[in-house]
Every structure is written in C-alpha cells, then in structure tokens.
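Let's take a friendly look at how charged side chains pair up here. The structure comes first, and the notes follow.

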Amino acid sequence: MNLFSIAPEIILTAGVLFLMAWEIATGGRKNLGYLAALVIVAAGVMVITQYDRVEVGFSGMVLADRFGHFFRLIIYLAGLLATLTAASAWHGEARGVFGAEFFSLLLVSIIGMDLLVIGANLIVVFLGLEILSLPLYAMAAGRTQSDEAVEAGAKYFLTGAFASGFLLFGIALVYGATGSFTFEGIGNAVSQGAQLDPLMWVGGVLLLIGFLFKIAAVPFHAWAPDVYTGAPTPTVAFFAAAPKAAAVGLLLRLSLTALVDLPMETVFWAVAWLSMLVGNLWALRQRDLKRLLAYSGIAHIGYILVGVCAKGSAAAGAVGFYLMGYAAMTVGAFAVVCAIESKDRSTTLDTVAGLGRRRPAIAAALTLFMFALTGIPPTVGFAGKFVVFSEALKSGHLGLVIWAVMFSAVSVYYYLRVVVAMWMWPADDSISIPAGKRGIRGYALVLILASAITLILGVYPQPFLKIAAESLFWLL
Amino acid sequence: MLPLLWTIPLWPLLGFLLNGFFGRRWGKKTSGLIGCATILVSFLMSVGALASLLSLPERRYLVAPFDWIVVGNFHVPFGFMLDPLSAVMILVVSGVGFLIHVYSVGYMSHDPDQPRYFSFLNLFVFFMLVLVLADNFLVMYIGWEGVGLCSYLLIGFWFRRPSAARAGMKAFIVNRIGDLGFSLAIFLIFWNFGTLSFIEVFERAPAVAAVSGGLITAIGLLLFMGATGKSAQIPLYVWLPDAMEGPTPVSALIHAATMVTAGVYMVARCSTLFALAPVTLAVVAIIGAATALFAASMALVQNDIKKVLAYSTISQLGYMFLALGVGAFAAGIFHLMTHAFFKALLFLGAGSVIHALSDEQDLRKMGGLKTAMPITYWTFLIAALAIAGVPPLAGFVSKDEILWQSFSSPIGHWLLWLVGTITAALTAFYMFRLVFLAFHGQSRYPSTVHPHESPGSMAKPLIALGVLSVIGGWIGWPKVLGGGSWFEHFLAPVFEGAEARLPAREATHSLGLEYGLIAVSIAVGLLGIGWAYQWYVKSPERPEHLRTRFAGLYNLLLNKYWVDEIYDAIIVRPLVGSARFLYRRFDLAVVDGTANGIAKLAQTLAATGVRTSTGRFRLGAVTFAFGCVVALGWVVYTFLRVSG
Amino acid sequence: MTLLPVPLGNYILLSGILFSLGVIGVLTARNAIIILMSVELMLNAANLLLVVFARVHGDIGGQVMVFFVLTVAAAEAAVGLAILVAVFRRKGSVDVDRLNMLKG
Amino acid sequence: MADQLIFWVAAIVAIIAAARVILLKNPIVSVLHLIVTLVALAVLFLQLSAEFIAALQIIVYAGAIMVLFLFIVMLLNLRKDEFGRDQLPWLRLLGTLAGAAFLAELISVIGGGRARAAVLPQEFGSVRSIGKALFGEYLFPFELTSLLLLAAVLAAVVVARRRSPSEPENFQPAAPVNQAAGNGGEA
C-alpha cells in the first residue's frame, strides 16, 4: 500500500474531519480558517520532509515523485493564501457565511488537486478531478443569499458536468486504444503503434479538453468570468490559482509521459494563442475588478500554455516557476479585492479610486500585484514570463512568443488603469471602504506573504527556478 | 574597490527602503539627508571605481554577485560590467544625481510628501545605475523598465493635478511601445545567440551577421525602437514635453540628464550590432537629425519655460543619435555627458525661477530677474552659452565634434551636417530668447510677487553645475585646437568592435575645412544669440509684428505641428479606445474617427468580443462544443492527410 | 479469440450517437434538469465504451471504471440537484436563460 | 444471430429513448425515457459479460439516481409551459449543428473495427471478480470514492441548507422571462 505516498493527503483528510468535529464541539467558527491553514502547512511540511523520495503506492496508482511534490507545494501555497484570505474575510462576522463547511470543502478540494498531480492512473485522475470540482461548485454557490453566487454556482456546475462528460469519453477512448488506464501503460502502447490509432487521437484530444476547461483556456472559458464575478471572493481567490496549478501540472505530466509520442502541441498552441487574444482584449473593457482578474487569468493561462507547448522538462520547470509566482500575485490581488469589497456593491475601478490615500498599504500591495501581473521587472511576473518565453523560443515557437509579448504590452492598459485609479483619481467618499481596523489588519498576513513571494521570486528567482527545473526534470 | 562594484546601485536602494518605510516617521530633514547621502556614497564609489579601472590593462571589469536565472544550459547572472562607457555613465548619473538631490532638499522643502519624493528619486537612481552597469541585456532591461516606472511615478508625483496624472500615463504608455521593440529585440537575440551577455553577443555577432544580415538589421531596428521611446525621438517623443508636469528637479534628473539618455547609451552599448547593419545606423542618423531640427523649431515658440527646455532636450538627444548614426559613438556619449551638465543646470535654474515667482512658469509673466537672482542668472547664462555652442564651454566642444563627424565621417553626409548646423542656430536663438525674456527687460510679474534668490542648498548645486558646464568639455578638447581628445581615447576600447566594422576613416579632409566648419558652428551660435538679442531686447515689438504677419506659420509651430493631436487620433485613442473610460480621461479634445487598421481591429474586437460573453450558459456551452468540433476537425484532417 | 456480439464499430457508433445526443441536449435544452439528464446520457455513452473495451481487452479495469463512474454520477447528481434547487428558490425557475445577471 | 438481434433492438431502443429525453419538454417524461435508455444499455452490458455492472446500472443508476431526479422534478413542480418563448432560437440550431458535426467527425475517423475480443477468464464481470479487483488493484480509487461522497455530502449540505431562521425562503417564482408566453410555475 505504501501510505507514505499519500501521507500529506492523509493529513488533509484528518484535517477535514478534525475541522468538522471542532465546530461541533466548540460551536465556534472563529479560528477555523487558521486551523485549516495549519493543516495545509502541516501537509506542506510533510511533503518537504519526503521531497527527495519517490514513493510509489497502491499498485502503482500513486506516483509521488518530485514532480508531484513540487506541484503539491504550489497547490498548498495557493490554497494557504486563499485560506488566509477567507479567514480574514470572515473573521469579524459573528455568523460566518460559511461555517466549518467552507474550510472542509476547501481541504477536500485540495486533496482532489493532489490526486491530479500524484495520480499515475486515469481512474485516480478522474476521481481526483471530481473530488476537487464538487467542493468548488458548492463554494461558488454556497452563499445562497446572493443571486449572483447561485447563478455562478449553477453555471459552473453545468459547464463542469458537461466538461467531465467529454473527459470521461476521452478516457474511454484512450482505454480502448491502449487497454490501460495507467500513464505508463498508455505511454507504452502509444509508442508501440497506438499513435496511429484514431481512437487514441480523439481520446487524447478530448482528455486534454477536459483539463483545458478546468484552467479556463479559450474556447472552454465561458464560465470563468461569470463565476469569478458572482462567487464569494475568498472562494474565487481559491479557484483562481490552486485548481489551475493542479490541472496544468497534470497536463504537463500527460504531455511529457503518457502522450509524449502523440503530437498534441498543436492543440496547446491554438489554445494558447486564443487565450492570450481573448483574455487580454476582453479585459480592456472591464471595470469590475473581479471580472478583470478573471480575464487576466485567462490571458495568463495563455502565457503558461506557451510553456506547455515547448514540451520539454526545462520548459516544464519554467511553467512550474511561473505558476508559483502566479499563485502569489493572483491570490494577493483577490485578497485586496476581498479587503475592500462590501456586500451591497461590486468592486469596480470607482471603488479603488483614491485608495492610495485612503488605505495606502493595501493600495501599495495591489500596485505590486498589478505590476507583477503586467510583467514588469523585478517582480516574479517578469521573471516567470521571461523563462517561459525563452524556453518556448528554444523549441522554435517564435511566432507564439511574439504574439505573447505583443499582448503583454496590451495588458499594460488594463492593469495600470487600476493603479492609476488608486493613486491618481479622486476618491469618491460616498463609497465606503469597510473600515474596522481589525478587518483590514486581518489581511496583513496574507498580503505580506503574497507580496514577499512576488518580490523575492522576481529579484532572486534562481534557487526557485533550480528547484522547479530539478523537480520537473524527474519526469523524463 | 572593484569587487565592490555591485554595491554602487545598492546605496540608493537602501535610501529608497529607508525613506519608503520610515521617511514619514523620521521627518523631512532626515529623509533629505538619507536621500543625498546614499547618492553621495554611490558617487564616491564611482570615482573610486573609475580610478581602479584606469589601472586595469584590459579596461573592463566584470562582477556577478549572484546567478539570476539559470535554466538548463542557459545562464543569466545578475552581472555588472565596468568599462569606460559604464564608468562615464555611473559618474554622470550619481554625480548629477547627487547635485539634484541636494537641490531638491530646498526645492521640495514645502511639500508634505517629501519623504515619498526622495524615496522615488532614490529608487530611480538605483534602477538607472543597474541599467548602465548591466553586463547583459536582461539586467539592463530590468533597469530600463524600472526607470520607466519611476519616471511614471515622479511625473505623476503631484497626482492631485489631473494633468500630471495624465502626463504620467502618457509617458508610460508611449514608453511601453518602445519597450515592446526592446523586449522583442532581446528575445530575438536570445533566440539566435543563445546568450544575453553583452560580451558574448558582440563576439558572436559577426558570425551571425555573415549568415543572416537581415536578422541583425531587425534586431538593430527593434533596439532603436526601444531607444526612440526612452530617449524621446521621432515618432515617440510626445511624452517628454508633457512629462514636465513633474517637479522641476525630476525634470532635471530624469527628463534631461539621465533617463532619457538611456536610449543613447543603449545604442552606444550595442554599437557592434548597429555597425554590422549599416541600414540601422542610417536610420539612427536620419531620425536623430530630423528630431533635432523638428524639436528645436517647436522650442522657438513655447511660452512655458519648462516646455522650451523639454523641446530643447529632445533636440539635443537628436544630436546624440546623429552622432551615433554617423559612427561617432564617442562623440555621442561625450555630448550626453556635457548635455547632462548644462541641461540639468538649465532645469534647476528654471526651477529656481519658478520657485522664486511662486510657481509661475509662463515666460510672458517674467522678465527682469537678473538683479533679483544673480546667482541663478549667471549660472543660467553659462548654461545657455554652453548649449549655444560658444567656446570654450562644454557644449561647444561636444557639439562641434558631432557636426564635424557628421560631415567628415565616411557614413556621414553634408545634409546631416547642414541640419545640425541649422539646429545649432535655432538652439542659440530659443535659448537666448528664454534668457532675455526671463531675466532681462521689464518685469512683467505681478507686483505682489517679490522674487528672491534661492537658498544655499539650491544655489550651490547651480554653481557646481555651472563650473562643470564650463570645464566639463575640456577633457575632450579636439586635437585640431590643440587638445588631446582624451575622452575619445578613453572610450575607444568600448567601440573598437564597431569601428572595425565601419569603413575606415581616411584623412581626405583638409585641416582648413575642419577649421572652417568650426568657425561656421561658432558663427551660427553667435548669430542665433544676436538674433534673439535683436528681437527680444532691442526691439521687442518685432516678434509681435512677425507673429501677425506669419500667423499661419506661428500657429503651426505653437501647436507643435498638431502632432499630439494626430497621435492621439491614430495611435493613442484606438489602443486605449476599448477602455472607454480611460479615453474619456485621456483626451476629451480628440474627435472620433481616424483609427488606423490594426488598432481599429483591436478596438472593435474588444468591444464586440465582450458582447459575445453574454453570460448565457448555452452560448458558453456552444463555444465549448465548437472548440471540441474544431479540435476533432484537426484530428480528422491529420488522418485524412496521412491516409490519403 | 472470441467474438463480440457485433463488430466493434457498431458499439462505437452507438456510443457516439448517444454521446452526441447528450451534447445536443446540453446545448439546446433550457431546463437545467434536462441538461443534467443529457450529461447523464454522455456519461452512459462513455460507460458503454468502457464495458465494450473491457470485453475487447479482457481487462476488468474497464468495468471497475464504470463502477466509479456510477459513484461520480450519483455524487454529481446530488450536488447538481441541490444547486438547481437553490437556483429555483432564488429565481423561481430552472431556465438557464434566466441565469443572466452576470455578463460582459 | 440472436446476439445481433438483441444488440440492434437494444441499440434502437436506447437511441430513440435518448432522443426523446432531449426532445420532450416535460421533464417527468424525460426522466422516464432516460430510465429506458439505461435499461437498454444494461442489456448490452449483460451481453458483454458485465453482469455486475448491468445489475448496478439498473439498481443504482435507474433505481436510485433517476429516482432522485424524479423527486426533484416533482418537488419543483416543473411544467412544460413554464418556459417562455426562446429568445435565442439560433442557439438551438447552432447547438444541434455542433452535436451533429461532432458525431460526423467521430464516425469519419473511427471506422468499424473487427469483432475480435480477448478470451475471458472464468467469472469475468461477476461480483466476485469485480470485488477482488476493487479490494486489490483498485483499492486506492475505491477508497477515494469515500472522499468523493464526503465531498458530495458536504457540498449538498452547504448548498441546500437554509441559512438562518430570519431569512425567508424564496419559493415565490419570479415573473417569467416572457410575459406573453404565459404564467410561471405555481409554487
């Protein structure tokens, strides 16, 4: 069995049960978020202690290699930041919008993500995807007092169910062509002739689409802006980064192991191309920050897929590094939105107008995240883009890189508009920023953490790049 | 000394951090002190670095404190390189920067946000030093983006003024267009050379050029596109005049002495690449000459004292590019240095005047300040004489060198020389127009204002820069006039690679010709001064008369050829067009309409595209399904092609 | 070697038809519950393929997978129907065209 | 021969029923047709030596999951006239087109294979063999289903739970999209 291979997941599961018991026992909800954060940290520590070990468990169902460890850590990072955001957001409320369920769901979802990156078998991956998705649907719809949240949850669920239909059909076809669910078996079969089998091709394409949906790549993205806008912001902070990291990790593993002999770059290429176009252009017209960040997320998935296109272990390292930084800057931006939003209005450019004077620290943090998302040095946004694009160049994707650089330049307009609004527009005093000193200060931890990662990875990326490259080199 | 080279930029960074975090708590005095002291340390270390460099036989020193990015066999150290070129640049940046910091202590003493100001200024110096010390393109790009960011923050420093905020935005956006070129160039270099280190790229460049010359040309043009953005050349110069919205010392430091010269520095640094592609050099020369003339003509009629200086800066930068374009790299850098001295002085002097008149910038409301502000007047006069090219001041030496090179260089042309000479005459004219309008004649400011000489902290930097404006040029005194051209020799090792690629310089020009041209350049300078004297001192009614007589021409110049308006219409507006709100703020005055093809496409796409996200689940699902259909279509196509 | 009851192509064709019907159902229906049922159709089409291929490869894994798919379908139906009930409570309808507050 | 006959009958029934699932407006009838499809598929499963799966298909899928659907349909009291006129009829066309194109592409590449199959061991597809697999090789995914169900329970509770006693249940149907097309459902 080798329980070591799933030790972090066991910790997380225990955490879920503990949280639920804790709430029943104490009836209090105050510290649940911080407890959940501790659970995630504990799981992360577990991963780090066994970082150099390759654990194969459960008759090869689980492959906890360095690749898995590395992506687990990215997922935990994103999950931790989101948990802290949620903990801060609901700290003051006597009866939180969610109780223990929110954090339990979040932890369960993280387990599902882990399964995507440590699973070595399509069955595990499929179950993992469902385990991660069901909580997300509920977290999006969970605040059922709000029409928007319910609508977001319903759209997310319907599209998600539709996508898992395609995914499952793809899995069935791949199984038909190769007679195996394991990555190893599929890889062997593909290299021994199945790459000429149309079943394999169709199955492979549908399989990829199932995950491209999860990362909101164009044209499988339609749910993302609506869900980001409608769902409660702490939830959005969670699924803006963590599930994407998991799904990209799985795509990397698939395209570098099981499907390595199946020339699928064209799919990634086209999707990357479209995602950058649509994400960046559509974002130009957004005034709602959450929606803006949704389109920005689509654009960033485009940049990340440029690296997936390059199809190599070094490129995978670059992508892993990018995801690390992306988690920090995106969750950080959502944490800021969370800090300044209030129930009776949406958070638009007018809300942040003059934020520089009203809440300078928060405005400074958001400025940093915007610069990072734009890709201005010396933030991680720049370092990440640079390594990803140069890896893509090495494998000859010049056109794609030019396209990406062009649209990065376009993105300046909408990111900087936020910065301009914060520092240069007069504040509209009729718009209240949730005061409660405690409320704002509660975000200090998450904002400092996210800013620090954004800056440190940008100024001195080398050790992290090294870890990423070495971890992902393990794949081959 | 040299192993500590990498700490030179760190001091201003330290200043930035201290001022940023504690400035408000520690108060104005301390923040000013920190701001100045950190730059002073950098300056002293730069002097020490220069001294050590002179004792090195190979005149180049590399240090890399840490590896920045390593992916596979690709390796970018966070490396710094000291060679004569970067030595000159760090001296100018930290030296002039220090004087301007000192001046700022007085100038900003009334501003409550002084700590923020000094922290930004320090951050700027940090990035600028990183830019010039970088030993590879990527680190240079960090500095490049960083100075742009600081420039943006400092132009918009008084963000309560909407015009300042707008100007900051404009500067940033125009610069990003240039940066796009620069970043594409970096990727192209990386793609073809597999490295980004200056030394390695320049070593391999001839081999690459032999295989594909077009590639080097493309890289050169893209690099130059970056330079036109940062150094405000045609067609991307429009941001610089607006950037005058920032505090005056900022204009002096960033928009005259240092940041805007980054483009010049970059072209000089990449001289080897440019020399390998003669077309690019020609483009540089022509754009430079055209900008010089064009901007000078607009400076003639500006009434805002800082706008005159802004156009003058653009024009002088044009000179520098002209020099680079004709292969006289050392002359370009030389002018960069002398220009930093006298243009910083001009700006600080103007700031002094503005300060004394309680923030009045309109020349028409000045006059007669000569007696009230003697120090400002005399130092300003020195700077004006220097920029007008009167010997033996610094400006004469460097400008004359450029004019001579543009005529005599094998890739020069007499037309370039002519343009340069005309510009020189115009420069002398508008500069003395400024001097006469501000300092001579009757006072035209309201009687309630009592101008006074600036305090010591502002006056001392003026004097220091005044001295530099006089003697700064002597280190490059030309041979024909009995000098040693020491500066050129000092820089020679840097440009060896490029010089070797250019046609050899033959001594076909007689000494007489050279003397003649020197005489001409002095003469046009004096002519311009005389002309201004005639118009603005002897018969001040004359310009008014001309203005009515040539009303059309006057308006054309006054409105800067309507270039801003045209740009707004064809570039700025469509680009931001999609973001309707921004554009309402961006320029109300511009009429809808003349969007050019691609930009209009982007706008339409964004506008109609967003409309397609209707929020309808069914539409989203159909998009999804069509995505699958197309993907399967690709599979079908692949199989049909294989089988049939 | 034994034989399938009918050629493999027939099974794939049947499965493809059912799957496409499911897709069409999702794309055209406005009643969210019907959309959910169409998704069930898609899952069943996949299940058929899995069983067929389990038979072809003589591998029990395919059938085990169907077992898991059943579990997933149950779980998904529970969550999905809960969400649809919530939608009905807020909007008084399960018409997906009524989900139109979020757009742009 | 009998095998082929069974296949064709089951297949045609399945297809017709499936088509009616998506074509009929009344959700109750749709649920019933879906059950027919499921049963028809169960017949095919039996033919393919998947006895246990066939049984599950009927007991769990048709028996439990579909009943859940039926419950909800009845709980919400949905009626076919509830929906107003379709404001985007072209989407129906586009959706049908997409589905048809998808099918066409699928068929055009995936041609008919032969009817060969592996020789099966004894008891292939029986409860025992699947049970052995589930607690042997597939133990891990089997354990994962517990997590999946935990997730489902949590998720369903979060979504369905009534928030606070003070908050009124909003069972009042909103006005229908299209006033002209008739009344909304009655609660």
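## A bridge between chains

In this predicted model, C:Lys91 and A:Glu151 join their side chains in a salt bridge, with 3.1 Å from N to O. The contact runs from one chain to another: C:Lys91 belongs to helix H3 (residues 61-91) of chain C, while A:Glu151 sits in helix H6 of chain A. Buried or exposed, what are C:Lys91 and A:Glu151? Both of these residues are buried.

Burial is under 20% relative accessible area. A:Glu151 has a value of 0% and is therefore buried, and A:Lys155, at 3%, is buried too.

## A pair in helix H21

Turning to another part of chain A, A:Lys466 and A:Glu470 form a salt bridge whose closest N and O atoms are 4.0 Å apart. Here again the spacing is four residues, this time in helix H21 (residues 462-473) of chain A, which means a separation of about one helical turn. A:Glu470 is partly exposed at 37% relative accessibility, and A:Lys466 is partly exposed at 46%.

## The wider picture

Through shared partners, salt bridges link A:Glu151, A:Lys155, A:Asp226, A:Arg291 and C:Lys91 into one network. Over all chains, the search of the whole structure finds 21 salt bridges.

Conventions: Residues are numbered from 1 along each chain as its sequence is written. Chains are lettered from A and ligands numbered from 1 in the order in which they are written. This is a predicted model: local features need pLDDT of at least 70, side-chain atom pairs count only at pLDDT 80 or more; totals for chains, interfaces and linings use all residues. Side-chain values use heavy atoms; hydrogens and water are left out. Buried means under 20% relative accessible area, exposed over 50%, partly exposed in between (1.4 Å probe, protein chains only). Helices (H or I, at least four residues) and strands (E, at least two) are DSSP runs, numbered from the N terminus.
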